[in-house]
Amino acid sequence: AGPSQEAEAAAEEAEAPEEGTEAPSEAAAAKPAKLDREGLIRLLETLHEERIRYGITAETSVEGLAEALGEEAEAAGEASEDEAAEAGEEATWVAAEAR
């Protein structure tokens, strides 16, 4: 069993109701298990290894974010264009007022 499965099993055992007590609610059961310090370190190591494996850098992360935001803006359509024009006009007005 992997680390996450072990953590889940431990959490289930810890949360198992004793006889005669009420079972935890679905919301409580849906909460992820708390990770201990070692579990967090393993998670960070895994994420670091994946960043290296897939060539993810700060620059590629920013590029990906910019691309996603650009696609989102395109999907918004004309409403975005109108809002952008209004924001540009407002920025020009604020700059003129600051002089």
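Visitor: Why is L43 called partly exposed?

Guide: In this predicted model, L43 has a relative accessible area of 40%. Buried means under 20% and exposed means over 50%, with partly exposed in between. The value of 40% lies in between, so L43 is partly exposed.

Visitor: Where is L43 placed?

Guide: L43 sits in helix α3, which covers residues 37–53.

Visitor: What makes the nonpolar surface patch that includes L43?

Guide: L35, L40, L43, L44 and L47 make the patch, and its area is about 440 Å². A patch residue needs over 30% relative accessible area. As background, an α-helix has 3.6 residues a turn, so residues three or four places apart point the same way.

Visitor: How do you know that the length of α3 agrees with its number of residues?

Guide: The expected span is 1.5 Å times one less than the number of residues. For the 17 residues of α3 this gives 24 Å, and the end C-alpha atoms are 24 Å apart, so the two agree. After α3 comes G55, with a positive phi near 70 degrees.

Visitor: Why does T57 count as partly exposed?

Guide: T57 has a relative accessibility of 32%. T57 belongs to the loop between α3 and α4.

Visitor: What makes the pairing of T57 and E59 a polar contact?

Guide: The side chains of T57 and E59 are joined at 3.2 Å. The cut-off for such a contact is 3.5 Å, so the distance is within it.

Visitor: How do you know what span to expect of α4?

Guide: At 1.5 Å a residue, 27 Å is expected for the 19 residues of α4, and the helix reaches 27 Å from its first C-alpha to its last. G77 follows α4 and has a positive phi, near 75 degrees.

Visitor: What makes up the fold of the chain as a whole?

Guide: The chain has five helices and zero strands, in the order α-α-α-α-α along the sequence. Of its 99 residues, 2% count as buried. The chain exposes about 8,900 Å², with carbon and sulfur atoms supplying 54% of that area.

Visitor: Where is confidence lowest, and where is it highest?

Guide: Helix α1, residues 3–15, has the lowest confidence, with a mean of 54, while α3 has the highest, at 93. The chain averages a pLDDT of 75, and 64% of the residues score at least 70.

Note on methods. Residues are numbered from 1 along each chain as its sequence is written. This is a predicted model: local features need pLDDT of at least 70, side-chain atom pairs count only at pLDDT 80 or more; totals for chains, interfaces and linings use all residues. Side-chain values use heavy atoms; hydrogens and water are left out. Patches are made of residues with over 30% relative accessible area and no salt bridge: like charges are joined within 9 Å, nonpolar side chains (Val, Leu, Ile, Met, Phe, Trp, Tyr) within 5 Å. Accessible areas come from the Shrake-Rupley method with a 1.4 Å probe; for residues, only the protein chains shown count as cover. A salt bridge is a side-chain nitrogen of Lys or Arg within 4 Å of a carboxyl oxygen of Asp or Glu. Helices (H or I, at least four residues) and strands (E, at least two) are DSSP runs, numbered from the N terminus. Buried means under 20% relative accessible area, exposed over 50%, partly exposed in between (1.4 Å probe, protein chains only). pLDDT is the predictor's confidence in each residue, from 0 to 100. A polar contact is a pair of N or O atoms within 3.5 Å; within protein, one must be able to donate a hydrogen and the other to accept it, and residues adjacent in sequence count only if both atoms are side-chain atoms.
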